[in-house]
Amino acid sequence: MNDKLNHENITFLEDGGQMGELMRLYPWSDTALGAPEKWPQSLKSTLSLVLNSHYPMLLYWGPNYYCFYNDAFRISLGSKGKHPRILGMKGEEAWSEMWSTLGPLLDGVITDGKPTWRENMFLPINRNGTLEDAYWTFGYSAIKNEANVISGVLTICTETTASVEAVKKLEKSEDDLKFAIDATDLGTWDYDPLNDKLKTNDRIKGWFGLDAKEEIELYQATNAIIEEDRERVNATILNVFDFNSGGKYDITYTIRNKQNGQERYVRALGRAWFNEDKIAYRFNGTLQDITDQQKSLEKLRVNESRFRRLVKEIPVGICILSVDNYVINVVNDMALLIWQKTLEESHNQPLFSVLTEIKEGIIPIFEALIATKKAQYGNEYPFVLERNGIKETGYFNFIFEPVLNQGEVSEIMLVAFEVTAAVKARFELEESERQFKNFVMQSPVSMGILRGYELKVEMANDSLLKTFWRKKMHEVEGKGLLELFPNLKDSKYPQVMHHILDTGIPVSEKESYVTFEEKGSRWEFYVDYDYVPLRDLDGTVSGIMFTTTDVTDRVEARQKTELFSKNLENQVIQRTNQLKEANDKLQLSIRSLENRNKELEAFAYVSSHDLQEPLRKIQMFADRVASRDLENLSDKGVQDFNKIISSAERMRTLIEDLLAFSRTSNHEAKFEKVDLQVLFKDVIDTLSDKIKATKTSLEYDALVTASVIPFQIRQIFQNILENAMKFAKEGVSPIIKIKTLQVSGEHLEHLNLLPENTYTEITFMDNGIGFAPQYGEQIFELFQRLHGKLEYKGTGIGLAIVKKIAENHHGTIIGIGKEGVGAEFKLYLPLSS
């Protein structure tokens with residue numbers, strides 16, 4: 001009961017119909033193959049393919065060719081004898097009656113790996129209690145195991161006994177028909193239409209049931225024709241007597257003997273002779289009894305119908321094409337299934353209008369067949385077919401046979417068997433093996449395979465060769481490990497490996513010490529290793545696969561750590577005292593900083609209220625003086641008065657900018673996730689009057705959504721736009737272009753930004769007066785101005801505010817200028833804060 005449950009849990013034997021069930025219940029553990037769970041992956045994958053295929057398939061596995069087969073092939077084994085007896089049986093025992101033929105074929109595939117194909121091969125089979133004649137069409141393909149060694153042979157096999165026998169019967173019927181035609185005696189007649197006289201030989205009179213001596217009238221001849229044919233024959237005779245008909249007479253009909261009622265099917269061949277007046281004066285010819293031929297033809301038609309039905313139903317694609325335009329004359333169900341077409345879509349249609357996608361690949365084959373008049377063969381030949389609306393490559397074994405008529409090719413018979421499933425399975429297996437080999441060879445973990453008690457090197461990857469052995473592959477392949485490194489003889493490793501070969505028990509060890517010596521050189525390691533046994537099909541341990549990891553650095557680091565920890569305890573006490581002293585100093589610094597912050601807040605209050613109050617009064621009284629006494633002032637007085645007003649305005653602007661600069665350090669401001677496009681449009685609305693007045697043109701991309709302090713970002717946008725409009729070229733309308741990009745922090749480490757963040761890069765470009773490149777950093781410093789106070793108004797704080805806000809957002813801003821050309825500012829803000 002436990003064996004049954006275990007087998008039902010083997011996923012690769014799931015489904016598969018009756019044979020899948022039989023394989024799950026089979027006591028494999030009692031056989032040389034062992035439990036299915038331990039079978040090689042190549043055997044599992046191939047069996048899964050075989051069981052789930054609708055094509056008849058067998059699998060021979062191992063040196064004894066153990067047999068597996070699917071439900072589709074089970075039918076060919078008959079109801080008695082081989083099924084299910086041969087499941088798991090050695091090939092020679094299972095197929096003893098034909099092993100003298102099969103054995104060498106299988107051995108050949110195992111030896112050279114080349115697939116084979118046999119068609120309609122005569123191989124009698126012992127089934128249903130007797131030895132039966134049988135014909136088979138089959139192909140053999142080699143199956144490789146995980147070590148890239150051929151371990152099995154996949155057979156795709158179809159019994160063709162019925163079709164071969166049908167063809168033989170058809171050929172025999174055709175021979176019989178030919179003999180009947182050659183052996184038939186003829187009746188003769190000669191009719192004088194002018195005198196209405198008819199002469200016949202005795203054979204015709206006998207067929208009509210008349211006495212040989214009796215003279216015959218034309219009406220007696222026509223009355224001998226059965227009523228169903230009589231009108232048609234009379235009409236044909238009248239037509240022959242018409243000069244314009246040409247006078248030739250060829251017709252078949254049935255006559256009935258008036259004495260015994262016997263009917264004969266006859267063919268009349270003759271002609272009418274005309275005089276100078278174009279009147280028929282003689283009508284003669286032969287009458288051939290084709291009754292046997294007609295019966296043979298009927299039988300032939302029946303046989304042909306049976307043959308066509310066989311062709312239609314055989315599980316091999318068959319199609320017959322005419323040479324002209326390759327029109328499909330005959331096509332069977334399997335071909336239509338392969339094509340994914342209906343009979344209505346295919347029959348009597350040009351092949352390349354039905355399957356347009358195969359024309360390029362198949363035309364050269366047709367041309368070679370027509371030119372050589374010889375059959376063309378293909379094995380696992382790829383064709384691109386459109387099936388279910390998808391173009392895919394299918395693989396086929398095929399024979400294209402010419403049908404000759406008078407020495408010329410008149411038709412082409414296509415016989416094809418799709419082997420796509422088997423080919424793809426082999427490709428997948430080969431790709432799996434290749435990927436595994438590549439994985440092993442390219443693995444950073446040192447890996448190798450040793451075989452036998454001599455521990456001969458079968459495989460060693462690059463990491464093992466370079467890190468530990470320090471040799472090339474050609475120097476170690478096929479040589480014993482102890483031959484390569486004699487100093488290992490006295491180590492524990494040979495004994496450990498031999499124990500694995502004896503017991504099949506894997507071994508692992510951590511931080512094992514090993515040394516290698518060669519030509520006076522010595523190198524040593526601490527390693528973690530795993531030794532795993534490799535088993536053959538019969539379960540024998542024949543080798544070891546090992547993985548080795550160099551942990552020398554780890555061991556040495558731990559040893560250094562242990563030594564370091566002893567010294568660390570004393571240093572901890574010393575550093576603790578130093579830390580306490582530093583902490584005390586830090587507390588004093590914190591209290592001092594708090595006092596300075598309070599002073600700064602007081603300064604901000606004074607700036608915003610107390611300092612601005614005298615300025616407001618200066619401006620107010622200056623306005624009064626201007627409105628009342630400006631006309632009484634001298635020109636010099638007016639100039640001095642204007643300077644007073646300008647200085648007061650600059651003082652007010654300076655105070656407001658200082659206040660704005662101090663507010664950028666406000667850590668209580670909250671970050672919000674907002675659309676920067678909305679903030680930018682708010683700024684455009686605020687500056688709309690100035691934009692119109694300066695005739696400024698704005699071009700900008702869509703901005704992103706980011707986590708920011710909204711009023712500070714507005715200030716950045718406003719300061720940069722105002723800056724661009726302020727420093728415009730005289731007589732040139734400002735043009736400001738804004739572009740955005742998304743940039744990885746890995747490319748911005750030179751700006752002291754975090755490599756793990758992603759930033760939005762907002763570039764502001766203008767066509768103004770620009771600045772010299774060497775001032776790219778200076779322009780962001782507080783109170784820095786590159787121009788005179790009167791030339792361009794401002795306090796020199798605007799860009800310093802922009803820089804500080806960018807840094808508050810864990811970003812930055814850089815300036816790139818070219819004097820007389822324009823300025824470019826790149827603002828970097830993280831997409832998340």
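Mentor: Buried means under 20% relative accessible area, exposed means over 50%, and partly exposed lies in between (1.4 Å probe, protein chains only). Take Cys319: its relative accessible area is 2%, so it is buried. The model is predicted; local features need pLDDT of at least 70, side-chain atom pairs count only at pLDDT 80 or more, and totals for chains, interfaces and linings use all residues. Residues are numbered from 1 along each chain as its sequence is written, and side-chain values use heavy atoms, with hydrogens and water left out.

Trainee: Is Cys157 buried or exposed?

Mentor: Cys157 has 6% relative accessibility, so it counts as buried.

Trainee: How many disulfides does a search of the whole structure find?

Mentor: Look for a pair of cysteine sulfur atoms within 2.5 Å. Searching the whole structure turns up zero disulfides.

Trainee: On to helices. Which residues of helix 2 are buried?

Mentor: Helices (H or I, at least four residues) and strands (E, at least two) are DSSP runs, numbered from the N terminus. Helix 2 covers residues 17-25, and its buried residues are Met19, Gly20, Met23 and Arg24. Viewed down the axis of helix 2, they fall within an arc of 140 degrees, so they line one face. That arc is taken from the directions from the helix axis to the C-beta atoms.

Trainee: What are the buried residues of helix 24?

Mentor: Helix 24 spans residues 676-686, and the buried ones are Leu676, Gln677, Leu679, Phe680, Val683 and Ile684.

Trainee: Which exposed residues does the face of helix 24 turned away from its buried side carry?

Mentor: Asp685 and Thr686 are the exposed residues there.

Trainee: Now charges. How many salt bridges are there?

Mentor: Side chains of opposite charge can pair when their charged atoms come close. A salt bridge here needs a side-chain nitrogen of Lys or Arg within 4 Å of a carboxyl oxygen of Asp or Glu. By this rule the structure has 23 salt bridges.

Trainee: With which residue does Arg74 form a salt bridge?

Mentor: Its partner is Asp71, with the closest N and O atoms 3.7 Å apart. Both residues sit in helix 4 (residues 71-74), three residues apart, about one turn of the helix. Arg74 has a relative accessible area of 24%, so it is partly exposed.

Trainee: Which pair links distant parts of the chain?

Mentor: Lys826 and Glu761 form a salt bridge at 3.8 Å, N to O. Lys826 lies in strand 29 (residues 822-830) and Glu761 in strand 27 (residues 758-766), 65 residues apart. Lys826 is buried, with a relative accessible area of 16%. Glu761 is buried at 11% relative accessibility.

Trainee: Which residues do salt bridges with shared partners join into one network?

Mentor: Glu511, Asp528, Arg554, Arg558 and Glu562 are joined into one network that way.
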